[in-house]
Amino acid sequence: MRLKDGNFYTDSRTNKVYRLNEDNKGSWYLSTRDDDDNDQMSRTSGRNMMKMLKSFYNKVNDS
């Protein structure tokens, strides 16, 4: 699995769609269109983000 800034994921628990983002320090976080400051969810390392995505999220297919 590779992380890509801008990919979309659906939370399997809530069915809410999130966008994967990478900040200028190499940390990863998920945001929604409703996030005003894109900082409502914790930033984490790429390794931790991959674990979280595998456990709770499904990638939205590009069509």
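1. The largest nonpolar core has nine residues in all: Leu 3, Tyr 9, Tyr 18, Leu 20, Trp 28, Leu 30, Met 49, Leu 53 and Tyr 57. At least two residues of this core come from each of β2 (17-22), β3 (28-31) and α1 (46-56). The model is a predicted one.

2. The sheet is open and has four strands, ordered β3-β2-β1-β4, with antiparallel pairing. β3 and β4 (57-59) are its edge strands, each pairing on one side only. On average, neighbouring strands of the sheet are turned by 35° against each other, direction ignored.

3. β2 and β3 run antiparallel and are joined by four bridges. Leu 20 stands opposite Leu 30 of β3, and both leucines belong to the core listed above.

4. α1 lies across β1 (8-11), β2, β3 and β4, and runs at about 40° to β3.

5. Which residues of α1 are buried? They are Gly 46, Met 49 and Leu 53. Seen down the axis of α1, the buried residues fall within an arc of 60°, so they line one face of the helix. An α-helix has 3.6 residues a turn, so residues three or four places apart point the same way. The buried residues of α1 pack against β1, β2, β3 and β4.

6. On the face of α1 turned away from its buried side are the exposed residues Arg 47, Lys 51 and Lys 54.

7. Leaving aside residues up to four places away in sequence, Leu 53 touches Met 1, Leu 3, Tyr 9, Leu 20 and Leu 30. Among these, Leu 3, Tyr 9, Leu 20 and Leu 30 are core residues, as is Leu 53.

Terms used:
Residues numbered from 1 in each chain as written. Predicted model: local features only at pLDDT ≥ 70, side-chain atom pairs only at ≥ 80, totals over all residues. Heavy atoms only, no water. Core = buried A, V, L, I, M, F, W, Y, C linked by side-chain atoms within 4.5 Å. Buried < 20%, exposed > 50% of the residue type's maximum accessible area, 1.4 Å probe, protein only. Contact = heavy atoms within 4.5 Å. Pairing = 2+ DSSP bridges. Axes fitted to C-alpha atoms, helices over the stretch in contact; angles between N-to-C directions. Arc of directions from axis to C-beta.
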